[in-house]
Amino acid sequence: MADEKSLIKQPPDSIEQLEKENRKQCDFNEKVINSLEYPFYVVSVTDYKLVLCNKAAQKKGVSVGNYCYRVTHHRETPCTEEHHCPLLEVTKLKKSVITEHTHYDDTGKENFVEVHGDPVFDENGEVVQMIEYSIDITARKQAEEKLKAAYELLKQTQSQLIQSAKMASLGLLAGGVAHEVNNPLTGVLNNAQLLKMMLEQKNEIPPSDLMEYLEVITESAMRCKSIVSSLLDFAHVSKNTYVPLSINELVEKVENLVKNELNLQNIKIQKELSPNNYKILGDPQLILQVIFDIIVNAKWAVKKKFPSAGGLITLGTSYDQKTGNVCISISDNGIGIPEDNLDKIFEPFFTTKEVGEGTGLGLSIVYSIVKSHKGTIELQSQINQGTTFTIKIPKID
């Protein structure tokens, strides 16, 4: 008999025991949900009603039986597309979504929140509810706005700094440009006066002579126009507008501005331009500034080594097939840069010049401009041998 009784199955747990276990599980789930720091609630897809919410949500004015659009946006109708409703997105995509919203608490205070929505499916695979929790990102948004404003101010300040440096550069050019413009103007004036005198004396002017005088006047006037055009291109405020640019034309424009000034100081300038007219995408005023600033540094370096004569600055352009970059090189045979300073040369306010000879901002501005054009700038230098700056910017077709 004892063996027969042992074979009889024991009855399942009592209903009371099952209810006790269920209550224990529900209490545990509720404790987990209420332990969440963020507002957590479950929304019905059919009517937008809240069927569950934790204490963090209740503190924000959220309550079971209310409508999600009423408690988060103080509306009496479901949110429109302007709010990018996460419930509609979850229902449509049948997967979790993350969106940014503007929610309003029970006092009407505006808060920026990051809303996480997760679908709850029925046995047919249809979304019937959405689990939603939101993270207050108001402080982050405000910090982003402040950072954005600071960045815009920094860009504006940098633009003003570049323009200020450009105006200072024009001051350095003044003497050379004055001589450069004066020469062709003298040709215009002399030939015009000669023609005037011949007409006043009623002398007959052979057509060939007249054409020669007019050609000199035209050529001299075009020379003046070219110089003024280069000056205007250089002086214009940058619009941060990137357009296709010919590197050869850029180099020639700067050379057109500086060559007479360099000649006055017995510094030779030579060009080694690529026969192919390679182009880059860039801001013309900024690239002109880069080339000019490096030439100004090269001029200073060769004058330190050759106070009277012997200085040489070489401007070159080429194409690097391996990297797809267009290269602009500016070389000099000046005093060179000590090896210890090579890593510091592009730092703001770093300079080896004496007081009154420079601020140390020129090359830091150059570095910043080249970086903004997705380019790089390389430096090679040896004491008493000279320095070469190579600017590399991606080529465009």
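Colleague: Where is Ser-274 found?
Modeller: In this predicted model, Ser-274 sits in the loop between strand E7 (267-272) and strand E8 (279-282).

Colleague: Is Ser-274 buried or exposed?
Modeller: Buried, because its relative accessibility is 11% and the cut-off for buried is under 20%.

Colleague: What does the side chain of Ser-274 reach?
Modeller: The backbone nitrogen of Asn-276, at 3.2 Å.

Colleague: And which residues is Ser-274 in contact with, leaving aside neighbours within four places in sequence?
Modeller: Asn-248, Thr-317 and Ser-318.

Colleague: Switching to charges. How many salt bridges does the structure hold?
Modeller: Eleven. One of them pairs Lys-271 with Glu-252, with the closest N and O atoms 4.0 Å apart. Lys-271 is in strand E7 and Glu-252 in helix H8 (residues 247-264), so this pair ties together parts 19 residues apart in sequence.

Colleague: Which salt bridge do Glu-255 and Lys-271 make, N to O?
Modeller: Their side chains meet at 3.7 Å, N to O. Glu-255 also lies in helix H8, so its pairing with Lys-271 in strand E7 links parts that are 16 residues apart in sequence.

Colleague: Is Glu-255 buried or exposed?
Modeller: Glu-255 is buried, with a relative accessible area of 11%. Lys-271 is partly exposed at 38%, and Glu-252 is partly exposed at 36%.

Colleague: What about Asp-397 and Lys-395?
Modeller: They form a salt bridge, with the closest N and O atoms 3.1 Å apart. Asp-397 counts as exposed at 90% relative accessibility, while Lys-395 is partly exposed at 26%. Elsewhere, salt bridges with shared partners join Glu-100, Arg-140, Lys-141 and Glu-144 into one network.

Colleague: How many helices and strands are in the protein?
Modeller: Ten helices and twelve strands. Of the 397 residues, 38% count as buried.

Note on methods. Residues numbered from 1 in each chain as written. Predicted model: local features only at pLDDT ≥ 70, side-chain atom pairs only at ≥ 80, totals over all residues. Heavy atoms only, no water. Helix = DSSP H or I, 4+ residues; strand = E, 2+ residues; numbered from the N terminus. Buried < 20%, exposed > 50% of the residue type's maximum accessible area, 1.4 Å probe, protein only. Polar contact = N/O pair within 3.5 Å; in protein donor to acceptor, adjacent residues only side chain to side chain. Contact = heavy atoms within 4.5 Å.
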